[in-house]
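These are my notebook entries on a structure that I looked through one topic at a time. The sequence and model come next, and my notes follow.

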Amino acid sequence: MTTTKKAGVLGATGSVGQKFILLLAEHPDFELYKLGASSRSAGRSYAKAVKWRQTATIPQSATELVVVECKASEFVDCDVVFSGLDSDVAGDIEKEFKESGLVVISNAKNYRRAPDVPLVVPLINSSHLDVVARRVKQEKKQGFIICNSNCSTAGLVVPLGALIAKFGDISDVTVTTLQAISGAGFSPGVLGFDILDNVIPYISGEEEKLEWETKKILGSIAEDDSFALRSNMTVSAQCNRVAVSDGHLECVSIKFATPNKPSVEEVKQALRDYVCESQKLGCPSAPKQCIYVLEEDDRPQPRLDRNRDNGYAISVGRVREDPVFDFKFIVLSHNTVIGAAGSGILIAETLFKKGLL
Ligand SMILES: NC(=O)c1ccc[n+]([C@@H]2O[C@H](COP(=O)([O-])OP(=O)(O)OC[C@H]3O[C@@H](n4cnc5c(N)ncnc54)[C@H](OP(=O)(O)O)[C@@H]3O)[C@@H](O)[C@H]2O)c1
């Protein structure tokens, strides 16, 4: 008897979708079972439909699968469906999947603000998945949506959450991002001519997502099982696109609410010591270390540090005192792994370990 779970991928031909294909290809718990994309791709083998842009070759288990349209009836046999759909179409499609009883883990922005939908970065708030567990038990309904965060938010919330857990409330955060071009997707994506020899100081909607999503992820679960925002923390973001293929770098300053400030060494130690639930549960993709604190003056760097623990870990460097706030540091996260597909996989592994798939 097979013990692996059948996985579907929506938007399988896109930037996030291709990462899902790679991460699922040799997964111990999930098998690639159905691939969906637009009607432009449907009916063709995955190898023919996709414009493959990863450095690893297309996994054998995906090449001959025939791409289907993103209709719930095509995916009814799936135990879990990962969505890398464009947000223009994700709303209606994911709703139909949920209403058909399917478990959808989405990378799109459409349901992130819904009060009953968990917004999860599995390295920091997998406890929000417990709401789904209670709801499934009470209502005996299987279909639900869980959202991943925006890619730049995923890197920011992990060190913030680790520091709040150790030292208490953070009142103020400023973050300036240097974001990779893969974060813009493939269609239309960022044009080479625009980004070469250049920095683009605007990413539509990104600053609002960072400022809002951080508060939901680091917020609490209310008595009625809705998600309460961390309203005592102000976040100010500035977002830039830079000519890097993968890996978002973020320059962060923080101010603690407590008058008893920790030292720089205590901040670094708290980041190093942080352990997340997916590590404790033994999830196969969990990083060995959630946060790597780098001591070299010029690290982290996207090309050198983004693939730590296969892109599932966060790197933090240059931790120092801030003359305006309390501390400042640099954060690096792999935007298509822990910032997108990898988060989805880690959420599914957590659900699996908790008996929810
Ligand atoms: N890239 C990142 O780092 C990142 C990180 C976090 C979240 N996200 C979010 O993840 C989602 C996917 O992003 P991406 O960067 O992977 O985008 P992308 O490269 O543009 O891929 C979009 C995917 O959606 C499919 N699609 C488009 N129209 C469709 C339709 N009418 N019906 C069914 N499928 C359709 C495309 O299929 P065809 O190839 O057939 O057109 C393609 O597979 C977005 O919501 C994005 O905001 C991205």
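Predicted model: local features only at pLDDT ≥ 70, side-chain atom pairs only at ≥ 80, totals over all residues.

I began with charged pairs, and I counted a salt bridge wherever a side-chain nitrogen of Lys or Arg lies within 4 Å of a carboxyl oxygen of Asp or Glu. By that rule the structure holds 15 salt bridges. Residues are numbered from 1 along each chain as its sequence is written, and side-chain values use heavy atoms, with hydrogens and water left out.

I looked up K268 and found it paired with E295, with 3.0 Å between the closest N and O atoms. The pair links distant parts of the chain, 27 residues apart, with K268 in helix α9 (residues 264-273) and E295 in the loop between β12 (291-294) and α11 (302-305). Helices (H or I, at least four residues) and strands (E, at least two) are DSSP runs, numbered from the N terminus.

Entry on the backbone. In that loop between β12 and α11 I also found P300, which is joined to R299 by a cis peptide bond with omega of about 5°. I then turned to D197, in the loop between α7 (192-195) and α8 (206-217), where phi is near 60°, a positive value in a residue other than glycine. I marked both places because most residues other than glycine have a negative phi, and most peptide bonds are trans.

Entry on the domains. The protein is divided into domain 1 (5-150 + 341-353) and domain 2 (153-334), with bounds that come from an automatic or database domain assignment. Their centres, taken over C-alpha atoms, are 24 Å apart. Counting contact as heavy atoms within 4.5 Å, I find 39 residues of domain 1 in contact with 38 residues of domain 2.

How much area is buried between domain 1 and domain 2? About 3100 Å² is buried, and carbon and sulfur atoms give 61% of it; buried area is the accessible area (1.4 Å probe) that two parts lose on being put together, summed over both. On the side of domain 1, L123, I124 and N150 lose the most area to domain 2, together 23% of what that side buries.

Across this interface the rule finds two salt bridges. I also looked up the salt bridge between the side chains of D225 and R134, at 2.8 Å from N to O.

Entry on the ligand. There are 28 residues around the ligand, of which T13, V16, S38, R40 and S41 come nearest; a residue is near a molecule if one of its heavy atoms lies within 4 Å of it. A polar side-chain atom of S41 lies 2.5 Å from an oxygen atom of the ligand, and a polar side-chain atom of N335 lies 3.3 Å from a ligand oxygen. From G11 a backbone N or O atom lies 3.1 Å from an oxygen atom of the ligand.

Entry on R113. Which residues does R113 contact, leaving aside its neighbours within four places in sequence? They are E208, W212 and K216. R113 sits in the loop between β5 (103-106) and α5, and the C-alpha atoms of R113 and W212 are separated by 8.8 Å, although these two residues are 99 residues apart along the chain.

How values were computed: Polar contact = N/O pair within 3.5 Å; in protein donor to acceptor, adjacent residues only side chain to side chain.
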